[in-house]
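Please look at the sequence and the 3D structure side by side before reading on.

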Amino acid sequence: MIKKLIAASLCATVLCAQAAACASAADDYSWAQTEIEYCRENGIMTGDDKGDLNPGGTLTRAQMAKMLVESFGADDSSSGSFTDVSPSDWYYGYANDIYGYMTEPGNEFNGDEAVTREEFAATLVRASGLTAGNIRNSNILAANFNDADKVSSKYKTLLSIAVERAYFRGSDGYLRPQDNLTRAEVCALLYRVIENEKGDLELTWEDLGIEKTYTPIIGESEISLEAAKEWAAANNAEQLFIDAADLYWKYGELTGMRPEVLYAQAAKETGYGRYGGAVTPDMNNFAGIKKYGATGDEKDDHESFATPDDGVRAHFNHMSAYVGLEPIGEVHGRYNSVKSLSWAGTIKNVEALGGRWCPDLYYGYSIVKDVMAGMYEFM
């Protein structure tokens, strides 16, 4: 099923954004057959009185309301309604049920109006239980798509959430936020989100609809120690973080891992040594490593190391469990828990840390694009 979906994603506009080309390549919509049948069987999409599902038809707002309510249920917290929807309209109940999921719904529903990609993505995010407060990477659109400035301001945050969770994808560096969607494309998208939430389909960093890069973790450093310190200082890093660079280059030499990769990750995790979260500077925890078995996010849930050297060594040891290298010296508890996972030792590039080091699928890309890229300016 997963392989089928990945193959189908090459054609879906919500996954590929080029509907016209896809339609001409497969007018029978066989590329989305699994997803269309899924929506039919679960009552998410029904056809006309002849049973025609019209998969190539443009999605209307009324149809969106039905499909999202059938997928995720009604918004019980909302009491809003629309002036242009009457009890005689087939979508009367669905329109009222979806009111609270819509962004700035207004007084009129306009049920027969076509839905844009950005509106559907934003409404989907809210219907699936997420809000604007769940955003992880506010720069994800600008960093990856040439038409990010075309996204309506009211949809930007929710669309960012959809992209960073691999619920919504662009293609060839474009989101095409104002384009419309077909019913088949929406089926493909809903299948993706629902099955992922159920745990029957795992979305990974490779499912993100952005340009793929592969930044190796193991290898010789491309950045000198002096350049890294200059970069850190230019970013107003705390002195403890600047001083830690010597330790990162020391353990990079000992382990064979690229020190600039882990140093950039430490910058992301600690805010260039400013910390400000549950982990404090005195803990010498440069990578946000939690204790074995910890499930919370309080200070006591995180490891504390005696010296900066111990903390940096622990960072390299922790990463060694991901990439498949031997640790140095005594290991911390969380190292062993990572080693026990089925994918331990298989993470060879920074981008693949997304969804593994932390739940954020874009986490590794953020290290590369938002942090590490700046180092090269000091080479």
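Among contacts in the protein between residues at least 6 apart in sequence, what percentage join residues at least 24 apart? The share is 70%, where a contact means heavy atoms within 4.5 Å.

This is a predicted model, in which local features need pLDDT of at least 70 and side-chain atom pairs count only at pLDDT 80 or more, while totals for chains, interfaces and linings use all residues. Residues are numbered from 1 along each chain as its sequence is written, and side-chain values use heavy atoms, with hydrogens and water left out.

**The whole protein**

The secondary structure comes to 16 helices and zero strands; here helices (H or I, at least four residues) and strands (E, at least two) are DSSP runs, numbered from the N terminus. Along the principal axes, the C-alpha atoms fill a box of roughly 70 × 45 × 40 Å. Of the 379 residues in the protein, 53% are buried, a word that stands for under 20% relative accessible area, whereas exposed stands for over 50% and partly exposed for values in between (1.4 Å probe, protein chains only).

**The core and the pocket**

A nonpolar core is a set of buried Ala, Val, Leu, Ile, Met, Phe, Trp, Tyr and Cys residues joined through side-chain atoms within 4.5 Å. The largest such core has 119 residues, and those with the most contacts inside it are F109, F120, L190, Y248, Y263 and L353. Helix α10 (residues 183-198) gives the largest share of this core, nine residues. Leaving aside residues up to four places away in sequence, F109 touches R61, A62, A65, F82, D84, V85, Y91, A95, I98 and M102.

The largest pocket holds about 790 Å³ of space and is lined by 29 residues, of which E269, G288, K290, H302 and C358 lie nearest its centre. The elements that give two or more residues to this lining are α13, α14 and α15 (333-339). On a 1 Å grid over the protein atoms alone, a pocket is an open set of points where a 1.4 Å probe fits, with protein on both sides within 12 Å along at least five of seven lines, and lining residues have an atom within 4 Å of a point. Grid points are joined across faces, edges and corners, and the volume is the space filled by probe spheres set on the points.

Helix α12 (residues 239-255) has 17 residues, which should span 24 Å at 1.5 Å a residue, and its end C-alpha atoms are 25 Å apart, which agrees; the expected span is 1.5 Å times one less than the number of residues. At A245, α12 bends by about 25 degrees, the bend being the angle between axes fitted to the seven residues ending there and the seven starting there. Among the buried residues of α12 are F241, Y248 and W249, and what covers its buried residues includes α11 (225-234), α13 (259-270) and α14 (308-323).

Why is helix α9 (residues 156-164) described as largely enclosed by the rest of the structure? Seven of its nine residues are buried, so α9 is largely enclosed. These buried residues are L158, L159, S160, I161, A162, V163 and E164, and their cover includes α7 (117-127) and α8 (140-144). A142 and S160 are 18 residues apart in sequence, and their C-alpha atoms lie 9.7 Å apart in space.

**Loop residues**

T103 touches A122, R126, K154, Y155 and L158, not counting residues up to four places away in sequence. K348 lies in the loop between α15 and α16 (363-371); its C-alpha atom is separated by 8.8 Å from that of Y214, 134 residues apart along the chain.

| Residue | Relative accessible area | State |
|---|---|---|
| T103 | 13% | buried |
| E104 | 59% | exposed |
| N110 | 32% | partly exposed |
| K348 | 43% | partly exposed |

Most residues other than glycine have a negative phi. E104, however, has a positive phi of about 50 degrees, and N110 has a positive phi near 55 degrees. Just after α9, A166 takes a positive phi of about 65 degrees.
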